Amino acid sequence: MTATKRIYLFGYGKFGRSIAEELAEHEAEVVLIESKESHFHEARKLGKFQRTLLMDVTDDDALGELPVRMDDQLVCVMDDDHLNVFLVLSLRALFPESKILAISDSIHATRKLKMAGANKVIDLYSISATRIHNILNKPIATRFLEGFLEAEHEYSFREIVIPEGSFLHGKKLEEVDFRRYGVIFVGMIDVELGNSFIFVTTGLEHKIDTGDIIVCIGHDEDLDRFEHEIVPSGEEPQ
Amino acid sequence: MAKGLKKRIESWVIHWAIRLHRSSSYRHARKVIRDLLEDPKNPYKRFFDSFIIFLILSSVFILIWEVKHPVPKWLDYYDIYFVSLVFLIEYILRLWISSDLSGELVEEYERAVAVGREFRLWPALGRGVKKKLAYMVTPAAIIDLLAILPAYRPLRVLRIFVLFRFLKLLRYTRSINQFVEVLATKRFELLTLLGLLFFVTLTGAIAIYVLEDMHNPNINNLFEAIYWSLVTITTVGYGDIAPVSEMGRLIAMIIILLGVAMISFATSVIVSAFSEKLHELKEERIVERINRTAEFLIICGYGQMTKMFFRQAEAKRYNYIILDKDPQRVQEAIHDGYDAIVDDASRHTTLSRFNIKGSKVTVLCMSHDDVENIYITLNAKSIDPRIRVIARASTPKIVKKYERAGADHVLLPNQAASTMMVFAILKPIMYKAIHAIFTGQNVALLDEIQVHEHSSLIGVSVGAIDFRAYHLILLGVQKHREGRFLFNPDDSVILEEGDILLVMGQKASTSYFRESSCLDEKRCAR
């Protein structure tokens, strides 16, 4: 669903490097834009990305020539905070419809990036500070969260689309015993409400329909099995 | 005959010394007393100090009250017997722990035996007693002794020694101690000034005595002249004695001028001593206060990470102290309302100041410099491996080094942010959920619920609890006995005391669940 969208990644520095590589691993289409020559050559040498461009990101004319489509994502992860804010501002003016994401690595930049027009700002310090609080107060929650982040993760999140003819169709949420399948139902995505995610903890009441997207946590194999089982009978595994 | 008796006494004394020295209960008692009297980190010392201060104040109050009012008998008895007895016991205990007499005797004896020399008791005993005497003549010990004296009723004059009880407060109130300490740093200046004062007073006194002895009816001897001179030089000027001749007035004018100069000089010396020390004193107070808490954080570096850490709501519940080498940053932290001191956490002496044995200490290395963070980690772990270290690392490559240095948790802010970014790009809808969980937002707060002894959850199976009714999601259970985390546990899992439930939900839901699972409200205030 998301793989066909193109990702414009601005910056191949301390964040850009790992983000670019991970995106490439997920076979996303990445266009890399870097203003520093040494970084540009490095990225080019790696050769994993669809396109690698050397460009002065403060130059609006050059930016305007990028073939950005409406549902492309623009990701600003320049090393320099000021440059990052500036870039977000330019991009917002040039591509008012596109989604802009940015990393903030200073407390002061987060609000500025939002004001400049970024749709999502990831605040480096806020994430890490929360982790420290968790380590100090909630050792078990910490270990649980680490279970998500590690490379050989124990549990993962999965979005599951209710297929046509599934036995879940027409059932109320509270009637379904997700735990029997070894998965935990966390919430669902409301397509009508602009693809927003609703946690079950908000007291969600809903009747499941075909095409709904539910979100579960579980071990990968349990999630696989669950996904198999909810498709119409006859194809059940084992 | 006499020689035999002497020998017997000698062997009896050394026998007892050895016995005491080897007795573990004797040593233990000694240590307990010493801790109580002298160790500022001892939690009971505060109670003991408050008790003594109360005795002192009540005793002085009785002295004042007695001047005009009759005092009930029981209060008098309290003052004479109880207070004095406590002070006597305290004096004896302090004398006891001031030096280790039996230990020294034994040491001497063993040394003599080891080299095959004949052991002579009296010189060794003499040395030990001398040490005790040396303690007895220290100002503090003399005050302690004098403070006991008012108990001796036949001599009414001794009542005034109750004031020495006031002086005893010196030992128990830190601020006075610190005042004296601060003044001690300016000993040279103050002594010089005192010498000068003495010299000028005496000169003025002799001059007025020689010049006015015949004319002034108030000055009849040198003592009166000195009295006049001191009253004038300190600008007190009672006026009971005043110069009558012109020469006398001239002298008065000169010593008044000198007096003003000297007093302002003395004031400036004391003020400068304080302004130099005030900073240090404040820091010491902060360190002392934190050392009394059972669990605290030492946060190294006041940068963006630390600021963000404090911005989050949970930060309020910690006891903490911020260390930073850079005075400017510390100033900033203090300005922002946090307890911070200027100190270098990579130095051994810095971390040793903290009560590492008595409290649970966690060191947070928040600097963005890996070299410094690793150094601090090593420093903390070398002082005591029990110190928990949470360190921030810049790249995944360096994590191994942190682990080798002994860090308990290593954070990778850059990597965490990058991972989140990838999530946001590839799974934009899920990102919101994950972000909410990771940043602990209200809607999806991860929380731990302890099954404690007063919980109604003991013995209940997981399946029997209707988490959905509470709007909670049960993610897992940490089994206390097996020491294992069960993700998404079976309905049949039975909860036992000490287990911890990991749930996700709104804060209000978790608190409500916690309250309603508690049988004894007072005990579950956590």
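Student: Leaving aside neighbours within four places in sequence, which residues is Ile62(B) in contact with?

Tutor: Ile62(B) is in contact with Val71(B), Leu75(B) and Asp79(B). Two residues are in contact if their C-beta atoms, placed from the backbone, lie within 7 Å. This is a predicted model, where local features need pLDDT of at least 70, side-chain atom pairs count only at pLDDT 80 or more, and totals for chains, interfaces and linings use all residues. Residues are numbered from 1 along each chain as its sequence is written, while chains are lettered from A and ligands numbered from 1 in the order in which they are written.

Student: Where is Ile62(B) found?

Tutor: In helix α3 of chain B, residues 45-68. Helices (H or I, at least four residues) and strands (E, at least two) are DSSP runs, numbered from the N terminus.

Student: And why is Ile62(B) called partly exposed?

Tutor: Because 17 other C-beta atoms lie within 10 Å. A residue is buried with 20 or more other C-beta atoms within 10 Å of its own, exposed with 12 or fewer, and partly exposed in between; C-beta atoms are placed from the backbone.

Student: New topic. How many residues does the contact take from chain A and from chain B?

Tutor: It takes 58 residues from chain A and 54 residues from chain B. On the chain A side, helix α6 (residues 124-137) gives the largest share, 13 residues.

Student: Which residues are buried in helix α1 of chain A?

Tutor: Gly16(A), Ser18(A), Ile19(A), Ala20(A) and Leu23(A). Their cover includes β1 (6-10) and β2 (29-34) of chain A, together with α18 (413-426) of chain B.

Student: What follows α1(A)?

Tutor: Glu27(A), with a positive phi near 55°.
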